[in-house]
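Subject: Structure handover

Hello,

Here is the structure I promised to pass on. Please open it alongside this note. My findings follow below.

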Amino acid sequence: MTQVNPYLIFNGNCEEAFLFYQSVFGGEFPYIGKFKDMPPSDDPNCPPPSAEEGERVMHVSLPIGNTIIMGSDSTSKTGDVPAFGGNFSISINADSTAEADRFFNGLSAGGNVIMPMEKTFWGAYFGMFADKFGVHWMVNFDEVQQ
């Protein structure tokens, strides 16, 4: 079943924020990764992080009931201080690559593609964009089902 979750962007204090949320809601982080943990890339748009940015959170998730709040820190590439409205995204977990493409193509029409749909090192088919109204979206299909 398709799932929609909030995705929060922080300016270097994502881990602190999520540890706070965990202290209130309980639960465990299924995943927490830092930018330094990313494999090297040949993509010139994805340079290796600086030592300071390497310590920032690339992705974290915390299940709360039937919802998962997710987050990451901004970087110099994405803009150190997220602008209002750019500090969150709506994340959609699709049931198939075809459904992911349908969501991505439909919602990004007239908008700004940040990352086209592609296979990622974490085993997902993933893309990001801002729609024509400026709302940020992430579309994901986990190719390796857990």
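Helices (H or I, at least four residues) and strands (E, at least two) are DSSP runs, numbered from the N terminus. Two notes on reading the rest. This is a predicted model, in which local features need pLDDT of at least 70 and side-chain atom pairs count only at pLDDT 80 or more, while totals for chains, interfaces and linings use all residues. Residues are numbered from 1 along each chain as its sequence is written, and side-chain values use heavy atoms, with hydrogens and water left out.

**Confidence**

pLDDT is the predictor's confidence in each residue, from 0 to 100. Its mean over the protein is 86. 89% of the residues reach 70 or more. Among the elements, helix α2 (residues 51-54) has the lowest mean, 83. Strand β6 (residues 112-119) has the highest, 95. Where pLDDT is low, the predicted coordinates should not be read in detail.

**Overall build**

The protein has three helices and eight strands. Starting at the N terminus, their order is β-α-β-α-β-β-β-α-β-β-β. Of its 146 residues, 36% are buried. Buried means under 20% relative accessible area, exposed over 50%, and partly exposed in between (1.4 Å probe, protein chains only). Contact means heavy atoms within 4.5 Å. Take the contacts between residues at least 6 apart in sequence: 55% of them join residues at least 24 apart.

**Helix α1**

Helix α1 covers residues 14-25, 12 residues in total. Its expected span is 1.5 Å times one less than its number of residues. That gives 16 Å, and the end C-alpha atoms are 16 Å apart, so the two agree.

Which residues of α1 are buried? They are Cys14, Ala17, Phe18 and Gln22. These four cover an arc of only 140 degrees around the axis, which puts them on the same side of α1. The arc is taken from the directions from the helix axis to the C-beta atoms. On the other side of α1, Glu16, Phe20, Ser23 and Val24 are exposed. The cover over the buried residues includes β1 (3-10), β3 (57-64) and β4 (67-73). Just after α1 comes Gly26, with a positive phi of about 80 degrees.

**Aromatic pairs**

Rings of Phe, Tyr and Trp (its six-membered ring) pair if their centres lie within 6.5 Å; planes under 30 degrees apart count as stacked, over 60 as edge-to-face and the rest as tilted. The whole structure holds six such pairs. In one of them, the ring centres of Phe18 and Tyr21 are 5.4 Å apart and the planes meet at 70 degrees, so the pair is edge-to-face. Both residues lie in helix α1, three residues apart, about one turn of the helix. Phe18 is buried, at 1% relative accessible area. Tyr21 is partly exposed, at 23%.

Trp122 and Phe126 form an edge-to-face pair too, with 5.3 Å centre to centre and 70 degrees between the planes. Trp122 is partly exposed at 43%, while Phe126 is buried at 9%. Phe10, Phe18, Phe20 and Tyr21 form one aromatic cluster.

**Ala94**

Where does Ala94 lie? It sits in the loop between β5 (88-93) and α3 (97-108). Ala94 is buried, with a relative accessible area of 9%. Leaving aside neighbours within four places in sequence, Ala94 is in contact with Glu99, Ala100, Phe103, Asn140 and Phe141. Ala94 and Met1 are 93 residues apart along the chain, with their C-alpha atoms separated by 7.4 Å.

Best wishes
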